[in-house]
Every structure is written in structure tokens, then in C-alpha cells.
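Here are some notes to read alongside the structure. Please keep the sequence and the coordinates open as you go through the points.

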Amino acid sequence: MSVAAVLRELHAHEQELAHRLLRVSERHRPEPEIHHLARDLAGWSRRHLVEIAGTGRRFGLDLDPDPAVEPGLAARLREKGGELAGRRPEPGLLLLHDLRGVHVQAAEVSVDWVMIAQAAQASRDGDLLALTDRCHPDTLRQMRWANAHVKVLSPQILLST
Amino acid sequence: MGKIDRIAEPWGTRTPYGPGQEWPSRVDAFLEEGAAVERWVPSASILHSNGDALDIAVAGGRIVGVRGRADDRVNRGRLGPKDLYGWQAGRSSDRLARPLVRDGDRLVESDWDTAMDRIVRRSKELLDERGPGSIGFYTSGQLFAEEYYTLSVVAHAGVGTNHLDGNTRLCTATAAAALKESFGTDGQPGTYADIDHADVIALFGHNMAETQSVSWARILDRLAGPEPPALVCVDPRPTPVARAATVHLAPLPGTNVALMNGLLHQIIENGHIDREYIDRHVVGFDELAERVKDYPPERAAEICDVPAADIRRAAEVLGTARRLLSTVLQGFYQSHQATAAAVQVNNLHLIRGMLGRPGCGLLQMNGQPTAQNTRECGADGDLPGFRNWANDEHIADLARIWNVEPDALPHYGPPTHAMQILRYAEQGSLGMLWISGTNPAVSLPELARVRSILAQERLFVVVQDIFRTETAELADVVLPAATWGEKTGIFTNADRTVHLSEKAVEPPGEARADLDIFLDYAARMDFRDKDGAPLVKWHDPESAFEAWKECSHGRLCDYSGLSYARLRGPSGVQWPCNDEHPDGTERLYADGGFWSAPDVCESYGRDLVTGTPVEPGEYRALNPGGKAIVKAAAYLPPHEAPDADHPYALITGRTLYHFHTRTKTGRAPQLDAAAPEVWVEVAAADAAARGLAEGDLAEVTTPRGTVHAKVRVTGIREGVLFLPFHYGYWDRAPDGGHDRAANELTLTDWDAASKQPIYKTAAARIALAERGTGPSAAPTTTASAPLAAAGAPTSGGTAALADEQPGGTR
């Protein structure tokens, strides 16, 4: 059944979203609000992963409820290497780029939730619908959060730096 | 007339009264020995937010004392210790009297032309090279309304920058944010007179005894009279409020939302709500009822580490109050989840239908004397007149008043908050920061970071102040300002009472009023309106006030019915004051009447967790009819929780005898002597566990730094350390290191919704540095009272004898 396929994709997308949020948090430590909030918001995605894995079992899926999302050592070394080689863009531009990445990734997760919610409604699967009711609003808030920071930071970073 | 040592007895003699009666007068005064007073000049207190009306005594061209005004509704003649003794600071010989400019690693005396030329030249270079976003302003909660309004026009429409905020960000941003979330617009719903009528008074993170001592005297007088109110106190420290409380809840720092949710859970479960009021005036109740289901008293008790029985008892007192007055201050505003917690107090009043009637009041307090004006005039990350930056009609209206094109006013996002302005300075996109009337090198969190930012070669720092502060030492240009008593202007207290403060004496040397400095800058920059006329069309305090009246007209903070002539009459008018309310307005929101309709509201609100502004369309759908908004919030753990390395929660705060960074109170001998040196408050069990005793020198450490302070063992809750934040370095040897200011230890983090920095959750450790030889110098009269007798009680002796006349008229 195709709901299972979307759930699997959602799980992968949500994992990537958590990963991106944590990477934003780590890379942009000097931006206090972004550093703290990105970590908090990654926690929401991790909570979703537990829920998706739980529901996945009903659809015959064996999804990891707690997959690795922390930026790995190798990735960190690569980044450090990039920095040393002077290939790292301006920190301000990198921040905008990373926030855009979060927004796009959250949009992807959001559309997955829409598909699942619609299928749940049509198949009168109350548990599945309740899952989307619990999680999808968080995704929209993650998306708006990234967008709001892009809005505020763009003039400063693009014009005054 | 009696004499009383108001250092030893901060709240003076009791004048008891009962519910619904008028608070009796008591005239307090303190004059220089042998003063032959020539004139009395009307003003109000400038060292806290209570707005006590007073007259300044003048003799021989000098200020020689102060006296409270018996006919004023705010204080009925009373003054607090800071008012009685603090005025002496203005006469200090080390006042800034000439502009200073940087010459290499020194500041040298200069003249106004040279100093202003440097500022104007740098401003123009930056505007040419990098645009208005490269210039920022960081102002105060201690200037006058005319000055904030002028600065607001200069910054927003002259320079065209979005980067203007006040140190009100540190004290009152959450009050404003919480009011906007719940009522759509800033504006204090209640009035101090609600103290006269309430049968329950709840103080949430508000040590009123030390922050607004005259209003606390009003509560003490109710407590000493017939049918006294019950008090509920939320505070981790054994404050005078806690000691007087019927129920005292001392939650772990950072857990206020859990506690509030526990209280609301009980109140809803017990049916202590006003269903009819909710149906008529409120949106969002169902979501709140659902959310607080997760917080039965036992769960809240576990998170906050307070007994569940106490939560039940407090909820019973709050839920059965017939006339409930609540006040909120820094224990909520400067803590984790600040806005979410303060909003829950609004929710308490909304679901109980307790607003806009005598005794049914809500006071989201301010910290500073003129913070209200910073907020109203648009100098604190808001637009003037509570206009909404996200509403194009409001921008067009402001542009019309200032006669500029709407797109000349930056409104691409919310006005930039102070911590973000500082971040722009750190990251290099801000090239000039003009700091007026505040001392961020002692008052902002994580001082090592703040110093390193302000000291950058690439950042041009202007400091406008009355003393050579720690911040001034880092400036490129220092402008000497006039202070209270040396200039004229109005200011508004925390319950919307407007006072005129008149010039009594000349400022020292070449010092100038802040208004004149801003007007001079506008003239030298040649800012113009869209017709080529000067942008700033006023020239003195009264013409500036007239301009501000026009800007406020038709908004909630309407001053249009006031004038200097009117304010020179019987004092103590509360805004809005206009044709409809010619005598002012005691309480807002009687029978609903909120300013929350989508077209009029100041803000569409924010997500309380992520801080994301709510989109206009979203708000319109949520609240089309302009009701009050109940917003629920879940508890989230603080970002820096105690751990094995740093096992204590560190909170910072104030003492009764000092204001901010002691620039004034440290120069008033009686106040300085009452609390001369930093201390750290430790619970007895924690002191024992660490081998610490009263008076030992301790080393308090967080990941950001170390402070040395003498131990005061108090009844503070276990697991919590308290440091007063007043002490900096100006009165210390220059090479004494950086181990005295509490903000060496605080973390750079802020509430996402109000952007108020968090001063009350940091993880710390404490260890013995040196065995003590006597008790610490902490006051014994206040929250820092020792658990066991420690040395002589705090007193001021003959030097602090003040006049006190219960029932007096002058």
C-alpha cells in the first residue's frame, strides 16, 4: 500500500530536517537565537521520528525511531577543511543559505504530511489522522521560523555587510 | 513632623486603611542640612518605575532636597529611599561636563563642534558606503518622552535605520510583548488604585518591596488595616513580599510556565472561571483548557520542585478571589519562557473575567522610570503610538504625520532588538552604535563578549551620559548630558500616570539636555521631509511634546488631551487623555473594549516558542472581532540547566538601595553605605555542603567567567544562587580585573517572543576563595536578610534622617 511508501519517505525527510536544523545550530553558534532555537526545533523532528516509526509498524515498516541526525565527525572535518581552504562563503550568506535549506526541507516534510493526512481522512484511519494533527503544525512552525529569520536578516546581510 | 531613618526603615511608618477607602497621605522629605529652600520645582521619581510625584527643592542654584506631593494619586506624598537620597548624585564633582573624543587609547576633553563633527562625518560615510542598516541606536528607560520621540524620528525617518532599541529590552520588553499577545496592543490594563480594592494580590516574580517601594508601602498599609488582602507570591527568594504572603511558591528558576499551567489547571478544574466573560470577550480558551490538562498539580510540582499542596492552595486563593490584582516583573520577564509565562497571568485574569473593575487589575510592570515612554514613542523596537510595523496603513499614517514617503520608513521586519543590534556590531555589518543613557558594559549579559564588541576598532561608538561609565571608556565620542532636574520633559509610570518634570537647575559645565543633542544631530545631518523642509519641526521640550501629542492622537496611548499647562495643575493624569476622556482613564478594558481588531492592533502576535511573527491573514482569521486572546504554552526545559560541573541555578537581580549600575545610587552616600559591595546569596544547606559560611569570599563560576563575592546565607531556596547585578568597575582600581559584575556570568540567550535577555537561568558552581573575617555587606532589611543574625542591621544613622508627616498635605 502506497501510504507505507510515503511514510518511509517522510521518515527520511524528517531525519534530514532534524539533521539540517542541528547543522544550522552548530555552524551558527555566534547567532544566539538561531543556535538555541534550531536545536529546540530539531527536537520536534526527533519526536516526530519516534511517532512515525511507531505508526510505521502498522504499515509493515521497520523504521528507526532514533536515527543518527547529529552532524557526524567526518562532516565536521569536511567543513573545517572547507573553512581552511578559504572556500567557506561569508558567514552571513552561509546563514541565509542554511536557513533556506531548512525552509525547503520543512516544506518537503509538510507536503508529505498533507499526503498522509488526506489518505488518512479518505480511509477513515483515525489514528493516522491524529498523528498528522499532532505533527504537521510543528512542521509549519519550523518552516515559518526559518522564513522569518530569512526576512529579517536579508537586508542586513545583503546590503550592509 | 517626625524624623525617621529611611535606610533602616525603607517603607516608613504605617498609615493603615481598609478596602475601598482612600489611601491616607504621608509626606516624606529629605533636605540638605540647613537648606534655605527658595523654590520647589515639580517632578517625579527617576530611580524606579513607580512614578512617585515629588517637588525638587532649590537653593542658590543647586538642588538641596526633595519632598513628595500629597495630592498625587500615585504616592500620596510618599517617597522611597532611592528618591530621598539619590538626587545628591547629580551634584557629584565627577559629572561629565565637556565632550570627550578618542585620541588613540585615551579619551581627551574636546568641544561640541569637534565631537558632533566626528559623529556627523562617520554617519555620512556609513550612509554613503553601506546604507542606513550600518547605523544603530541603543537608548534608555530614563530619558523623557520628548527625547525618545525625537530620537525615533531621527532614527526611523532621518537615518532610515530599523536598528533602534532601548535598555527597556532588559527590563520591560516582556511586559509589552505579553500585553500585545493578549490584548493586541501594549498598554497597562490596571491601576495602582486597584491595591485599595483587591481582596487578593498576587505578585509573580515581583519583589515589589524593593522595586516599587512606595506601592509596597500601600500594600503594607492595606495589610495593617481592616479586611486585609491575601497575598500570593512566586519568587525563589525570601523577599519581604514572600514573608508577608499567605502562600509563597518558590519554583526552580526557569519553570514559571509549568507553575502557571498548574495553577490554571486547578482554577479551570475547580470551575473558578467566568464562562460568560469568556464567551463574550475571549478567543482561544478551549486550547488553553486542553493544554493545561497536562499539568495537574503533581506534575507542576515535580517540574518546579514546590509542594503540590501549595499549588492547590494558591489556586484556591486565586480562584476564589472576588477582586484579584496581579503584578508581574523580572522573575518572569528575565527568565526562561518569559513571554509565555507572563501571558499566563493575563490568561488568569481573562478566564476569571477580572479586568477593568476596581480591584480587578493586571499590572505587567516596568523596571525603569520612563520605560513606558520608550515603548510608546517607538524608541524600543516598536513604532510610535503603538503602530503596527506589519500594517501598511499604520506605516502610511506615520509617514503622513512625519511628512515623508512611506517607503522612507524601514518596515521590512520588526524593528531590530538590542541583542540583535549588538550581534550586527559583532559581525561587522553595523559600523556605528550611539548609546544614550545606558551602560551596556555592565548591564548586558556575558560582559566579556560585550566589551570585546564595543572595543572593536571598526565600530564607531558614541556614548551620551552623565558620568564616565564603563561603557564611556570604550567610546570614540562621549557627549555630556543633562539629567533629571536639569531639563524639562514628561514621563509616564507603569500605571500610565503622566508627570511633567521641570528644569530646576543648570546642568554642569557644557552638559546639554538629551533632546538638544538629538536636535543638534538632526540639524547637522540636515534631515529633510518630502517637501524639503526640516524633518524635525520642533525646537524645545514643549514643542516636542505637542508633536508627540499629534502622533499619539487616536491611538490607545492618546496624550492629545494633555498639555504642559494642564500637567502643571493637579498632578497625576493617566492616559488615554483626550476629548472622550478629558480627565484621563483609570482602567483600560472595562467590559472588553480591547484594541485588538486586526486594523487597529499594534501586533499580530508571535509564536511563543519560535518567536515567529504571526501573519496578518492568520491573525485576521483568529481574531476578526477584536477580542482578547488566550494563548496556551507548554513548558520547555531551559537551555542551560544545572549539571554535575555547574550544579546551581544562578539568578541575578536588584536590591532596594541601588538602581541599575549604581552610576547614581553609588554616588549617594546613604545608599552606597547601605549596600557597598557585591555579595552572593546561598541557602544554608548549600553553604554547608560547600563548606561556606557567612562572610566568606566565594568564587562563583559559569562557563563565561568568575565573580568573587562575599557569602550571605539566607532563606533562598536550595539549589539557587543570587547575585545583585549593580556592581561594575567604575569605583574600583583600573587594573582590578573583571570579577565583580554579575553579568560576567550570565549567558547570551533571549526569549524568542519578547527578545528579552535571560538573566535568571544560568548554571553555576561556587567554591570558597578565602575564609571571611566578618559578615558580608549585604543589606539586612530586604530579601538579602541573613538567616541568622549577622553583624549590625542595615541603618543610615543621623545622615539618613528624613522627614515624615503622616496625614500631611505638604
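**Notes on a predicted model**

1. Chain B has a mean pLDDT of 97, and 100% of its residues score at least 70. For the model as a whole, the ipTM is 0.93 and the pTM is 0.96.

2. Chain A has a mean pLDDT of 91, with 89% of its residues reaching 70 or more. Within chain A, the lowest confidence falls in helix H3 (residues 73–84), whose mean is 56, whereas the highest is found in H2(A), at 97.

3. Where do the two chains meet? Contacts between them involve 18 residues of chain A and 20 residues of chain B. On the side of chain A that touches chain B, helix H2 (32–58), helix H4 (91–122) and helix H5 (126–159) each supply at least two residues, and H5(A) gives the most, with 9 residues. Sorted by class, this side of chain A comprises 8 nonpolar, 5 polar and 5 charged residues.

4. The crossing of H4(A) with H5(A) is left-handed, and the residues of their contact divide into 21 nonpolar, 11 polar and 1 charged.

5. H5(A) has a further partner in H2(A): the axes of these two helices lie 11 Å apart, and the packing angle is about 160°. That angle makes H2(A) roughly antiparallel to H5(A), and their crossing is left-handed. From H2(A), the contact includes Ile34(A), Leu37(A), Leu41(A) and Trp44(A), while H5(A) contributes residues including Leu128(A), Leu131(A), Cys135(A) and Trp145(A). Taken by class, the residues of the contact of H2(A) with H5(A) are 8 nonpolar, 4 polar and 2 charged.

6. In chain B, what is the angle at which the axes of helix H13 (residues 297–304) and helix H14 (residues 308–320) cross? The axes cross at roughly 120° and come within 8 Å, which makes H13(B) oblique to H14(B). H13(B) passes H14(B) in a right-handed crossing. The contact is made by Pro297(B), Glu298(B), Ala300(B) and Ala301(B) of H13(B), together with Ala308(B), Ile311(B) and Arg312(B) of H14(B); by class, these residues are 5 nonpolar, no polar and 2 charged.

7. Two details of the backbone of chain B deserve a careful look. In general, most residues other than glycine have a negative phi, and most peptide bonds are trans. The peptide bond from Trp575(B) to Pro576(B), however, is cis, with omega near 0°, and Pro576(B) sits in the loop between strand S21 (573–574) and helix H25 (616–622) of chain B. His660(B), a residue other than glycine, has a positive phi, near 45°, and lies in the loop between strand S23 (648–653) and helix H26 (669–674) of chain B.

8. Finally, one annotation comes from a record: an unreviewed UniProt entry lists residues 38–94 of chain B as "domain: 4Fe-4S Mo/W bis-MGD-type". In the model, the end C-alpha atoms of residues 38–94 of chain B are 26 Å apart, and the span is 11% helix and 35% strand.

Key:
Residues are numbered from 1 along each chain as its sequence is written. Chains are lettered from A and ligands numbered from 1 in the order in which they are written. This is a predicted model: local features need pLDDT of at least 70, side-chain atom pairs count only at pLDDT 80 or more; totals for chains, interfaces and linings use all residues. UniProt positions are given in the numbering used here, feature names are shortened, and annotations may be inferred rather than shown by experiment. Helices (H or I, at least four residues) and strands (E, at least two) are DSSP runs, numbered from the N terminus. Two residues are in contact if their C-beta atoms, placed from the backbone, lie within 7 Å. Ala, Val, Leu, Ile, Met, Phe, Trp, Tyr, Cys and Pro count as nonpolar, Asp, Glu, Lys and Arg as charged, and the others, Gly among them, as polar. pLDDT is the predictor's confidence in each residue, from 0 to 100. Axes are lines fitted to C-alpha atoms, for helices over the stretch in contact, and angles run from 0 to 180 degrees between N-to-C directions. Angles under 35 degrees count as roughly parallel, over 145 as roughly antiparallel, 65 to 115 as roughly perpendicular and the rest as oblique. A crossing is left-handed if the near helix is turned anticlockwise from the far one by less than a right angle, and right-handed if clockwise.
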